[in-house]
Structures are given as structure tokens and as C-alpha cells.
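Thanks, everyone. I will take a few minutes on one structure. Please have a look at it first.

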Amino acid sequence: MSDSPTVSWLGCFIDHYYWRVLFARATRDGSTSTRRLRPVQVIFLGFFGAGIVGAGLLMLPVAKTGPGGASFLEALFTATSALCVTGLVVVDTPTYWTGFGQAVILALIQVGGFGVMTFASVVGLAVLRRFSLRSRLVAAAEVKSLGLEGVGSLVRGVVLISLTIEAAAAIILTAQFAIAYGYGFGEAVWLGVFHSVSSFNNAGFALYSDSMMRYVADPVICLTMSAAIILGGLGFPVLVQLRRHLREPRLWSMHTRLVLWGTILLLVLGAVYVTALEWANPRTLGPLEWPAKLLAGFFQSVQTRTAGFNSVDITQLHEATWFGMDALMFIGGGPAGTAGGIKITTFGVLLFIIIAELRGDGVVNVFGKRLSRAVHRQAITVALLAVALVAGSTGLMLLVTDHPLDKVLFEVTSAFGTVGLSAGITADIPPIGQVLLILLMFIGRLGPITFASALALRERRLLYELPKERPIIG
């Protein structure tokens, strides 16, 4: 791990106060117990409560156009999708929900984005407490004092970075909507703010029934939203380190390097893959001029970072394109950000392990540093459990629907990766299938964070070792 001040003060704070402050609970006699609570219990209960409140608000008649209110399943699905910043919908957002309902959705997206980034930043960086004395000394000198204000500093950092990026994107989008498309100032501001927040938080909710297809050839809107999506998907620790050491790559941590290079690689490969396969497809990129084709291919590659907007009709893509996007959605974005999936770092670690094994190296080296063996096991465990979850959920979904495997797999992967792209079957899935997608969105949003951090923070010291033996592999 890096000894950079950006992450070391957080690691130092977490080392002393994380479990004591955030997960302390009162005992029967009123004293405070420092027995550790499971992070998954705390965060899942918090998000579950927020989801229920959001669903209740969306069930109000004022939230729905036309007479009556939304059904419980419609409201719960939409609230979960917004809170978990996914973007899958069972009803049309701009026509089904009123301005009040859309405002509730926007608030849930913001709360979900803030909550996940803050929680994941604290929990994920808690593993730094295991590393070098130098990091601790640098942190002590930089922070001066440790106390409850450390939590406030972390939260303020997340809020400041989030609002700054969202505001910048909203200003550009508002100007484009007003100047290029003739929207009134108030409507342009609402469109700009909504799509900016939805983009940075990788939510994928749009105020157009065709998502962003009408803007497929508009570089200002597509590139602005893409930039917000990418920045949100990098994660808070990376954004903080880049803000402080943008021109000093030698100070970047292994984590930052993995996320940045992984993001660039997957974005480029995804754009080339989608553009090449869909170039002549008359139902997607075929009718567009070549600059618009390149823009649309890049925009759809960005969406697999778990955003969920679309500038072409996803239901008309080739099956091979769906399959490639399945893989990209499964990987997702960076930890401690608004993206989902198993995370780029997990994928990167597995890639370096494979390279080291093929070369016959005794250790795994990543960007000039040796990778901890504990991280090997954590990455393999997270990836295999995610594969099992997606495969099992796909099998269950096939039992309750009549849709083909390619569409079901795309829908399940999109829900697990909190992407929001759809093969057009979400609304047609029976209620039991929609409940399964709700569970997948919750697990996909919070499960990898809490489970991976639990693996990283867990210590079990054995006083003995068993004899070694090797089975035959392959």
C-alpha cells in the first residue's frame, strides 16, 4: 500500500476510532460496549429503512400522474433502484411520475450515492490500519489530533467532491438544454440538475422515455454525462488522491493506479467492442454518421461502468454485444464510489495473479509493489461468490419467466452490477422475478462492499499449521 498522506490520515483515524465510534452499541445498563457489530447489519438496515420511506412517498397519489397512487411493488422497485443507484424501471419515469415523484427519486439517488461513498470510504480504508508505521506517523503529523471530527471531515470531503462535480455538470447541461434545444430556464435547470446527479451517482434515471437516444449525436451532453459517470465510478479515495497529487504519479497508491489504468483499459476496449459490432447494425449505429457512431459507441461503453443511460436502443443490439456488456457490467467501477460490480481492483488483482502464475513468479507484483497474499484470497472469494450469485439468480429467473437466456442474463447482471441497462423485459417480468431483481440490486450495491471489507478486517490467528499437500490442478 502507499504511504501517501491522502489515505494515511484516513487509515490512522479508522485505526483508532472506526469500530469504537461507528459500530459501538449500548448495553443494558447504559454503558457503551465496543463489541463489533457487523457492518452488513448496520448498512443494510439503514438502506432498507430509506427504501421503505422512499417507497411510501412514491405510493402517495401526488407522486403519480393520473388517478390513485402507485402499487407497492412499483414504488418499492423504483425506490430500490434509485437508492441503489441502479436505474432499472418497471414504469416510465417521465410519464408515470409527477414532479414530486421525480424529486423523490432524485433525493433517493443523492442519498444512496452519498451513503455508499461515505460508508465504503470508511470501511474500505480501514484496512490501512494494518500497514506501515510510516503511514501512521505521517498521518499523526498531518491530522494533529484524532477525534469525532474525523468522521465529519470524511463526510464533508465526500459531499464537497460530489456536489462540485454535480454542479459543474449541471451548469454545462443546463446551458446546452437552454441554448441548443430552446428549453425555458426553469425546465433546463431541472433537466440539467436531474441528469447531472443521476450521472455522477451512476444511477441511469432519465427524464426522457427513450433515455438519451435523442441526444445520440450531441457531444456536449453525451461527453458531459460520461465525464460525471467516470468520475463517480473512480471512487472517493482516488478522487482525493488525484486532487492532491494529480501531477505527481509517483505518489499514487497501488489502489489508485489499478483503478485508473483499469478504467481506461475497460473504457477503450468497451468502446471498440461495441462500436465494431454495431457499426453496420441498421437498428443501432448503422444510420449514424461516423462521428456519431464513435460517440455512441463510447457513450455505451461508459454506461457499463454501471450508469445505465442509453443513446441507442439496447433491445436492438446484437447478442454478442450484450454478452460483452455483461462482462463489463459484472466488473463495474472503482471501490468507494457510486459504481457497482465486483470492482476494477478485484478484476485487476485477478489479472495480475494470472499473469504471475503464467510466468511462474513466486510472488505477485503490481506497479512495483508486492501484493499481499491475503488480497489474493479476498479477490478470488469476492469474484467466485459474485459469479455464483449471478448464475444462481439467472437460473431462478429462467424458471419464472419465458424470456431467453441472453436477455435474462443481461437483466440479472445489470441488477447485480447496479447498472440499469435493460434488454426491455423488466416490466414484463412477473412479480416474483421483480422481487428477485430488488434483492439483487440491494446485494449488488452493498453486498460486495460489506463482504469484502469484512474479509479484509477479519483476523484469525492460528497457533499451528497443517502439513502442506497439493492436488493436481487441470
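I will go through the annotated spans, then a pocket, then the cavities. Keep in mind that this is a predicted model.

Start with the record. An unreviewed UniProt entry annotates "transmembrane region" for residues 40-60, 72-91, 103-128, 158-183, 220-239, 259-280, 379-400 and 435-457. Take two of those spans. Now residues 72-91. Here the chain is 60% helix and 0% strand. The end C-alpha atoms of 72-91 sit 13 Å apart.

Next, empty space. Rolling a probe the size of a water molecule over the atoms shows where it is left.

The second largest pocket holds about 550 Å³. Its lining counts 29 residues. Which of them lie nearest the centre of this pocket? They are V89, S209, S211, N310 and S422. By class, the pocket lining splits into 13 nonpolar, 12 polar and four charged residues.

Now the cavities. There are three of 30 Å³ or more. I will show the second largest cavity, at about 40 Å³. I229, I230, G233, T263, R305, G333, G334 and I344 make up its lining. Which helix gives the most to that lining? Helix α9, residues 219-234, with three residues. The classes in this cavity lining are three nonpolar, four polar and one charged.

That is what I have. Over to you.

Methods. Residues numbered from 1 in each chain as written. Predicted model: local features only at pLDDT ≥ 70, side-chain atom pairs only at ≥ 80, totals over all residues. Heavy atoms only, no water. UniProt positions renumbered as here; feature names shortened; annotations may be inferred. Helix = DSSP H or I, 4+ residues; strand = E, 2+ residues; numbered from the N terminus. 1 Å grid on protein atoms, 1.4 Å probe; cavity = no way out; pocket = protein on both sides within 12 Å on 5 of 7 lines; lining within 4 Å. Points joined across faces, edges and corners; volume = space filled by probe spheres on them. Nonpolar A, V, L, I, M, F, W, Y, C, P; charged D, E, K, R; others polar.
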